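Good morning, everyone. Please look at the screen while I walk you through one protein chain.

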Amino acid sequence: MGWVSEQLVEAAQGGDLESITAVVHGAHPHVRRFADHLCASPQDAEDAAQEALLVLYRKIGTLRASAALASWMFRIVRHECLRRARRLLEDAADPGFAASAEDEVLRRLEAERVAEAIRALPDVQRRVLVMRDVLGQPGRTVAATLGLSTAAMKSHLHRARTAVRARLHGSPTL
């Protein structure tokens, strides 16, 4: 953890407000950079980073080993990005009319299968798929946001759709 000393983390764990503030401030660029790579959109990345920093601020005293700070923070960001992706998928699904509790359970299980298939994608493919198909952003916007050519974005989108389809139907991906 080059961005924060062990002594500073220990002081923050002990409740020193200035140390907590310094740790949170120092963590922000690292947490945000990680969230940018993991979340589907810049807004989700900022929200996930903020949520992780709030958890850090509130719960740093419960951290058992100061050396575990970075992995703890990144697990929080990862969880938050996945939670946001799941919520997007659930919101995007047409809830329609659930005739029974059984129908609702089946709908949720299917949404979870889709979310799991998307989580299994490589980073770039996942981000392209979520931005294009879940968020409905135009292809050129997705390509520009991710720093890809339009052709590369289309290629990643095709591979992502193929992989998700294959995973949902139980066949191996190409």
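I will start with the overall picture, then take the helices and a few residues in turn.

First, the ground rules. This is a predicted model, so to speak of local features we need pLDDT of at least 70, side-chain atom pairs count only at pLDDT 80 or more, and totals for chains, interfaces and linings use all residues. Residues are numbered from 1 along each chain as its sequence is written, and side-chain values use heavy atoms, with hydrogens and water left out.

Now the overview. The protein chain has eight helices and zero strands. Helices here are DSSP runs of H or I with at least four residues, strands are runs of E with at least two, and both are numbered from the N terminus. Along the sequence, the pattern reads α-α-α-α-α-α-α-α. The chain has 174 residues, and 36% of them are buried. Buried means under 20% relative accessible area, exposed means over 50%, and partly exposed is in between, with a 1.4 Å probe and protein chains only. What about contacts? A contact means heavy atoms within 4.5 Å. Take the contacts in the chain with a separation of 6 or more: 60% of them come from residues 24 or more positions apart.

Next, helix α1, residues 6-13. Ala-12 sits there. Is Ala-12 buried or exposed? Its relative accessibility is 1%, so Ala-12 counts as buried. Setting aside residues up to four places away in sequence, Ala-12 touches Ser-19, Ile-20, Val-23 and Ile-60. Tyr-57 is 45 residues from Ala-12 in sequence, yet their C-alpha atoms are 9.0 Å apart in space.

On to aromatic rings. A pair of aromatic rings is described by the distance of the centres and the angle of the planes. Rings of Phe, Tyr and Trp (its six-membered ring) pair if their centres lie within 6.5 Å; planes under 30 degrees apart are stacked, over 60 edge-to-face, and the rest tilted. How many aromatic pairs does that rule give? The count is one. The ring centres of Phe-34 and Phe-74 are 4.8 Å apart and their planes are at 50 degrees, so this pair is tilted. Phe-34 is in helix α2 and Phe-74 in helix α4 (residues 69-92), so the pair ties together parts that are 40 residues apart in sequence. Phe-34 is partly exposed, at 29% relative accessibility. Phe-74 is partly exposed too, at 28%.

Now helix α6, residues 123-134, and its partners. Start with α2, residues 17-38. The axes of α2 and α6 come within 9 Å and cross at roughly 70 degrees. That makes α2 roughly perpendicular to α6. Axes are lines fitted to C-alpha atoms, for helices over the stretch in contact, and angles run from 0 to 180 degrees between N-to-C directions. Under 35 degrees is roughly parallel, over 145 roughly antiparallel, 65 to 115 roughly perpendicular, and the rest oblique. Who meets whom? Asp-36, His-37 and Leu-38 in α2 meet Asp-123, Arg-126 and Arg-127 in α6. By class, this contact has one nonpolar, one polar and four charged residues. Nonpolar covers Ala, Val, Leu, Ile, Met, Phe, Trp, Tyr, Cys and Pro; charged covers Asp, Glu, Lys and Arg; the others, Gly among them, are polar.

Then α8. The axes of α6 and α8 come within 8 Å and cross at roughly 95 degrees. These two helices are therefore roughly perpendicular to each other. On the α6 side are Val-124, Gln-125, Val-128, Leu-129, Arg-132 and Asp-133; they meet Met-153, His-156, Leu-157, Arg-159, Ala-160, Arg-161 and Val-164 in α8. By class, this contact has seven nonpolar, two polar and four charged residues.

One more residue of α6 is Val-134. Leaving aside neighbours within four places, Val-134 contacts Leu-88, Leu-89 and Leu-129.

Last stop: helix α7, residues 139-146. Which of its residues are buried? They are Gly-139, Val-142, Ala-143 and Leu-146. Seen down the α7 axis, they fall within an arc of 95 degrees, so they line one face of the helix. That arc is taken from the directions from the helix axis to the C-beta atoms. On the other side, Arg-140 and Ala-144 are exposed. The cover over the buried residues of α7 includes α6 and α8 (150-169). Leu-146, for one, contacts Arg-127, Val-128 and Met-131, leaving aside neighbours within four places in sequence. After α7 comes Gly-147, with a positive phi near 70 degrees.
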